[in-house]
Amino acid sequence: MSSSNRGKDIAEESSDQPATPSRYESQKRRDWNTFGQYLRNQRPPVALSQCNCNHVLDFLRYLDQFGKTKVHVQGCMFYGQPDPPGPCTCPLRQAWGSLDALIGRLRAAYEENGGSPETNPFASGAIRVYLREVRDCQAKARGIPYKKKKKKPVGNQGKGSDESSSTMHFS
């Protein structure tokens, strides 16, 4: 094959499908495979067609054991302190933002893999409630209130609104 043909073949390949998926697409595929493995490891194994929001909630709780975010319990002397001065024995958990992003990717992957939006277990109200409870619990444990960002009125842009006070900071 001549070098001019080789370049043409490469160009045609890249127009059909990107050679390397984006970071988001790679993570989504990894998350989807991990969830599928989790279902297969259940006793008895759970078929994807039988999966419901309870399986998703169990998966999210299972992932907590691999978390890296210190979440103080109510009895801890550092509960409610954004920057505790010392170590404690409180558990490490998955951060709310990580769980929220994970659910977003799994919700998209479910439908991309043939699931119906009407039966998507990742879109369940129970999942939204769980994520809200995790967010609020983690915010209280850190002493940082979560304030929902208000949508800017369309005609009132740039009028000196202070958005920094409505942002939750996790580190």
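Let's start with Cys51, which touches Phe35, Leu39, Val46, Val56 and Pro121, leaving aside residues up to four places away in sequence. Touching, or contact, here means heavy atoms within 4.5 Å. Cys51 sits in the loop between H2 and H3. Is Cys51 buried or exposed? Cys51 counts as buried because its relative accessibility is 10%; buried means under 20% relative accessible area, exposed over 50% and partly exposed in between, using a 1.4 Å probe and protein chains only.

A quick word on what you're looking at. This is a predicted model, in which local features need pLDDT of at least 70 and side-chain atom pairs count only at pLDDT 80 or more, while totals for chains, interfaces and linings use all residues. Residues are numbered from 1 along each chain as its sequence is written, and side-chain values use heavy atoms, with hydrogens and water left out.

Now the overall layout. The protein chain has five helices and two strands, and from the N terminus on they run α-α-α-β-β-α-α. Both kinds of element are DSSP runs numbered from the N terminus: helices are H or I with at least four residues, strands are E with at least two. Of the chain's 171 residues, 31% count as buried. Among contacts between residues at least 6 apart in sequence, 60% join residues at least 24 apart.

How do the axes of H2 and H3 cross? The axes of H2 (residues 23-40) and H3 (residues 53-63) come within 11 Å and cross at roughly 105°. That makes H2 roughly perpendicular to H3, a label that covers angles of 65 to 115 degrees. The axes are lines fitted to C-alpha atoms over the stretch in contact, and angles run from 0 to 180 degrees between N-to-C directions. On the H2 side, Thr34, Phe35, Tyr38 and Leu39 meet His55, Val56, Asp58, Phe59 and Tyr62 of H3. By class, this contact has six nonpolar, two polar and one charged residues.

The loop between H2 and H3 also holds Pro44. The peptide bond from Arg43 to Pro44 is cis, with omega near -5°.

Next, the core. In soluble globular proteins, nonpolar side chains tend to be buried together. The largest nonpolar core here has 24 residues, and Phe35, Val56 and Phe122 touch the most other members. Such a core is a set of buried Ala, Val, Leu, Ile, Met, Phe, Trp, Tyr and Cys residues joined through side-chain atoms within 4.5 Å. H2, H3, H4 (96-112) and H5 (125-142) each supply at least two residues, and H4 gives the most, with seven. Phe122 touches Trp32, Phe35, Val56, Ile103, Leu106, Arg107, Tyr110 and Ile127, not counting residues up to four places away in sequence.

| Pair | Apart in sequence | C-alpha to C-alpha |
|---|---|---|
| Cys51 and Thr119 | 68 residues | 9.5 Å |
| Arg61 and Arg93 | 32 residues | 9.1 Å |
| Gly75 and Cys90 | 15 residues | 9.5 Å |

Where do two of these residues sit? Arg61 is in helix H3 and is partly exposed, with a relative accessible area of 44%. Gly75 lies in the loop between strand E1 (69-70) and strand E2 (92-93), and Gly75 is exposed at 76% relative accessible area.

How values were computed
Parallel < 35°, antiparallel > 145°, perpendicular 65-115°, else oblique. Nonpolar A, V, L, I, M, F, W, Y, C, P; charged D, E, K, R; others polar.
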